[in-house]
There are 2 protein chains.
Amino acid sequence: VALVRRTNPFQRERLAGIASSAPAELEALPLTTKEDLAADQLAHPPFGSNLTFAPDAYAHLHQTSGTTGEPLRILQTAADWRWNRACFARALTAAGIGAADRVGLAFSFGPYLQYWSAYEGAKEVGALVVPLGGMDSAQRLETIRDLRLSALVCTPTYALRLAEVARSRGLEAAFAPVETILCLGEPGASIPSTRRQIEGAWSARCLDHAGMAEVGAFAYACAAGGGLHLNEDEFVCEVLVPGTERPVPPGGRGELVLTALGRAGCPAIRYRTGDVVDTAPRACPAGHAHRWLPNGIVGRTDDMVVIRGMNVFPSAIEQTLREVGVHGEYRITFYTDPGARDEVRIQAEIARPDVARAVEDRTRQRLGLRVRVVPVRPGILPKQELKARRVEDLRPIGRPGTESRRPTA
Amino acid sequence: VALVRRTNPFQRERLAGIASSAPAELEALPLTTKEDLAADQLAHPPFGSNLTFAPDAYAHLHQTSGTTGEPLRILQTAADWRWNRACFARALTAAGIGAADRVGLAFSFGPYLQYWSAYEGAKEVGALVVPLGGMDSAQRLETIRDLRLSALVCTPTYALRLAEVARSRGLEAAFAPVETILCLGEPGASIPSTRRQIEGAWSARCLDHAGMAEVGAFAYACAAGGGLHLNEDEFVCEVLVPGTERPVPPGGRGELVLTALGRAGCPAIRYRTGDVVDTAPRACPAGHAHRWLPNGIVGRTDDMVVIRGMNVFPSAIEQTLREVGVHGEYRITFYTDPGARDEVRIQAEIARPDVARAVEDRTRQRLGLRVRVVPVRPGILPKQELKARRVEDLRPIGRPGTESRRPTA
């Protein structure tokens, strides 16, 4: 903190209020939002002013995925990078992936941090690292089969997509060697029905972890109780009532705010992650020391949609679909009917009308939400291989409940 | 050598003939060909038996590009990997790329070694590493421009392609920050006309290096004299008359045979690279100690085509095209005319008949080769973004001179 306050233009004023780096002082510091960092990068292109060291000291550049707005650029020094690597290694270890594993990394290696963290983390745990960039799905499946890869790291959406390609192309032999799938990039693996679907398709364990370019890999799977543990060795973790600075009560739902203890070059101090989590009033079943998030990442504050006064997460709707046995693509549309009433339409790959009704019934029972389900033929909705973009919000901007809607793809 | 002979099944018999690991003993060992390794992997899937350690000891898997036949799988231990990384770092250092540089890695990160060596090597020299996988050409150009990347690593074909996209999309501002382009994957940057074309398009220095998955990065650019230096600190280098075990005389042309001194897990001992090089009868102009290859990699033994008794490299024909000012796509076709005579046809993006005649004249003068040039409209020949596949050999197999022809794409 002393160093950052002295040399980092972005943090200087923000840290002025504290006298020492004692953890108790943390709550006095201002929160940092993605918008703060984005505005700073716009004002000081290309890297912003959240830089503790001279430009030459930085070794790695990564970006946020740009799902919402312009990508943020995050620089790391070699020391930050070693820390980042160790954080991802913890996620692998928690998933039971180690030196005896052959780990396939099934994604393109763009500038998004998590891909590179996975590569570095797999090195750190001593596994055999097999990068699967620059391949199509069939080539990846052949490689998994031929090299008998025991673990796979990919997005949950892509794990399902790969399974589908395996079945349609007669490459089911790729399922046999894979024991573990570690998901990244999307909260899907924390959604029980999605996780069960992945586990069913692959006959493998599916585990989650959580990370983001702004802070690193901050949570790892709890094999005993499901969900995630916050890596409190490396992060100071707070859960705040969205839109406020008040911590949620034990067991409450709120926004995760993180301070990364090992990142000095481009610090993340009280960073509003935008990730919504449910806290647990107690330890996990195995009594692990780190704070437990029994439902993993529940959603994003900017995914949260207010429909007729209710907080709705598209991920909860996805879970309902999967529970009823709908496993293909889907699209959720929020719109306003002629009577100015917010409505929810779900287009999904469903063959029978009674299944559509079952989705409507269950969504009402589980979420208290009335929706209309429209069956569509397979292949009509676009395949979403990477970050799932399956939600569109067609309501007029400025209407109550649409303030926090995210841009749609 | 002692360890490898004891534990490596593939090498055991091969190394039986030598009493010590003294360099002088090397010449007594049998040569290793790609076919030897491929047959071994077929007999002992998936990794073959050229393994000095137990499976868990390996940290990285990479493959040959599979341009000719099934890809070879090469395993490396963590120690091999550190050595591999240092070899590539040398190629970067020789190209003047260091800690002050921002290095864009403009390729997909598939299982080909060189991509990962470039990533690791850029870390090793302390540069800012910016991976550009999973992007299209326009996105890469925008990133180069916005982040002011000072160095680029890519194939020579792709360097030209990127320049073309920059011009057609109004992204020429990407040229300004780039000072150095280090080429990999193809010999193009050692072809003077191709190098000049890249340097002209980018207003940047273009430097070559050479490496292959089977051995690692074995040669780095000579800034003083052009061409490459063999990294004799890390490799024992021989140049043999193709098809024989005789060394070429000083100044002669032959096949490069390499022994990788830092790769114990999957050793390369007297490996026939298939790369054809011209040796120099003297040191480079700057008097560097390592052996100098004034023309870099001249071609591949399996690219070499015998036409009417002459050894012809498609790369030499490419050079002629570039010298006459033909910068678009081209295709070279070898075929047999009704009179059973081998002929060479060059289709190239040429607008004026006199340019076509100029290519024919120069090819006859420079290479002693009679060719027929057929101008084609731009856009008809397929774009070759990665490994250039621009040669087709339509002559009946078994005819004299067609023994060593490579499969065509």
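Trainee: Which residue forms a salt bridge with A:E323?

Mentor: A salt bridge is a side-chain nitrogen of Lys or Arg within 4 Å of a carboxyl oxygen of Asp or Glu, and here the closest N and O atoms are 3.0 Å apart. A:E323 lies in helix α9 of chain A and its partner in helix α10 (residues 353-367), so the pair ties together parts that are 39 residues apart in sequence. Helices (H or I, at least four residues) and strands (E, at least two) are DSSP runs, numbered from the N terminus. The partner is A:R362.

Trainee: Before we go on, what kind of model is this?

Mentor: Residues are numbered from 1 along each chain as its sequence is written, while chains are lettered from A and ligands numbered from 1 in the order in which they are written. Side-chain values use heavy atoms, with hydrogens and water left out; local features need pLDDT of at least 70, side-chain atom pairs count only at pLDDT 80 or more, totals for chains, interfaces and linings use all residues, and the model is predicted.

Trainee: Which residue forms a salt bridge with B:D342?

Mentor: The closest N and O atoms of this pair are 2.8 Å apart. B:D342 is in strand β19 (residues 342-349) of chain B, and its partner, 53 residues away, is in the segment after β21 (391-393). Both residues are buried, and the partner is B:R395.

Trainee: How many salt bridges are there between chain B and chain A?

Mentor: Side chains of opposite charge can pair when their charged atoms come close. Over all chains, the structure holds 54 salt bridges. One between the chains joins B:E120 and A:K123 at 2.5 Å, N to O. The count between chain B and chain A is four.

Trainee: Which element gives the most to the side of chain B that touches chain A?

Mentor: The chains also share 10 residue pairs in polar contact, both residues at pLDDT 80 or more (N or O atoms within 3.5 Å; within protein, one must be able to donate a hydrogen and the other to accept it, and residues adjacent in sequence count only if both atoms are side-chain atoms). The elements of chain B that give two or more residues to this side are β1 (58-63), β2 (73-77), α5 (113-124), β4 (128-131) and α6 (137-147). With six residues, the one that gives the most is β1(B).

Trainee: What area is buried between chain B and chain A?

Mentor: Contact means heavy atoms within 4.5 Å, and 37 residues from chain B and 35 residues from chain A take part. In chain B, B:W116, B:L128 and B:L147 lose the most area to chain A, together 18% of what that side buries. Buried area is the accessible area (1.4 Å probe) that two parts lose on being put together, summed over both. Carbon and sulfur atoms give 61% of the total, which is about 2,800 Å².

Trainee: Is B:T320 buried or exposed?

Mentor: B:T320 is found in helix α9 (residues 314-323) of chain B. Not counting residues up to four places away in sequence, B:T320 touches B:V359, B:R362, B:T363 and B:L367. Its relative accessible area is 3%, so B:T320 counts as buried.

Trainee: Where does A:V326 lie?

Mentor: With a relative accessible area of 3%, A:V326 is buried. Leaving aside neighbours within four places in sequence, its contacts include A:L321, A:I350 and A:V359. A:V326 lies in the loop of chain A between α9 (314-323) and β18 (330-336).

Key: Buried means under 20% relative accessible area, exposed over 50%, partly exposed in between (1.4 Å probe, protein chains only).
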